[in-house]
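User: I would like to go through the terms used for this protein and see what each one rests on. Please show the structure, then start with the surface.

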Amino acid sequence: MRRNFLCLVAAGIFISLATLALPVSVRAQSDGEKLFSARCTLCHAADGSGSSPTGKALKAKDLKSDEVQKASDEDLTTIITNGKGKMPAFGKKLKPEEIQALVVYVRTLAKK
Ligand code: HEC
């Protein structure tokens, strides 16, 4: 009897944690802008132009440029995940869906 009760409590905790985790991953998808300003603006500047001092020093490319925008989503995902030249790899720091959100956000920069 007591055991069953403990099982129920454990199941209850599990279910509430699972439902708590869900909105977090959904939110991450629309949070490309927040992720970008937290992780990327140091080198790419807020508008993606790479005009920040660090961006200039490392020669970060203008993310709004045709050269970058004509790359496929897969290419951009790979660059953000694995890095490229002086661009650090984010594969271990960010979840795949966060990198996805960043690719979507990089696309929106082109229109600004
Ligand atoms: C330490 C500085 C630095 C940070 C932080 C950084 N980048 Fe970069 N990034 C670079 C540099 C430098 C390049 C150019 C790499 C090259 O072409 O050799 C680059 C290139 C890129 C490219 C590909 C453009 C091309 O060269 O074709 C993308 C896309 C990109 N960065 C996105 C991001 C995103 C998204 C973030 C945040 C998660 C980020 N970067 C964080 C320095 C940085």
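Analyst: A patch is made of residues with over 30% relative accessible area and no salt bridge; like charges are joined within 9 Å, and nonpolar side chains (Val, Leu, Ile, Met, Phe, Trp, Tyr) within 5 Å. A salt bridge is a side-chain nitrogen of Lys or Arg within 4 Å of a carboxyl oxygen of Asp or Glu. Areas come from the Shrake-Rupley method with a 1.4 Å probe, and for residues only the protein chains shown count as cover. By these rules Phe-5, Leu-6 and Val-9 make a nonpolar surface patch of about 300 Å².

This is a predicted model: local features need pLDDT of at least 70, side-chain atom pairs count only at pLDDT 80 or more, and totals for chains, interfaces and linings use all residues. Residues are numbered from 1 along each chain as its sequence is written, and side-chain values use heavy atoms, without hydrogens and water.

User: Why does Phe-5 count as exposed?

Analyst: Buried means under 20% relative accessible area, exposed over 50%, and partly exposed in between (1.4 Å probe, protein chains only). Phe-5 has 53%, so it counts as exposed.

User: What makes the site of the iron atom of the ligand octahedral?

Analyst: Six donors count as octahedral if opposite donors are over 155 degrees apart and all others between 65 and 115. Donors are N, O and S atoms within 2.8 Å of the metal (3.2 Å for Na, K and Ca); water is not among the atoms, so sites may look incomplete. Here the angles among the six donor atoms are 87 to 179 degrees, and the site is octahedral. The protein residues that coordinate the iron are His-44 (NE2) and Met-87 (SD), at 1.9 to 2.0 Å.

User: What makes up the largest nonpolar core?

Analyst: Such a core is a set of buried Ala, Val, Leu, Ile, Met, Phe, Trp, Tyr and Cys residues joined through side-chain atoms within 4.5 Å. The largest one has 16 residues, and those with the most contacts inside it include Phe-36, Leu-63 and Leu-102. Helix 7 gives the most to this core, with six residues. Helices (H or I, at least four residues) and strands (E, at least two) are DSSP runs, numbered from the N terminus.

User: Why is Lys-59 called exposed?

Analyst: Its relative accessible area is 69%, so Lys-59 is exposed. Lys-59 also has a positive phi, near 60 degrees.

Key: Tetrahedral: all angles 85-135°; square planar, octahedral: opposite > 155°, others 65-115°.
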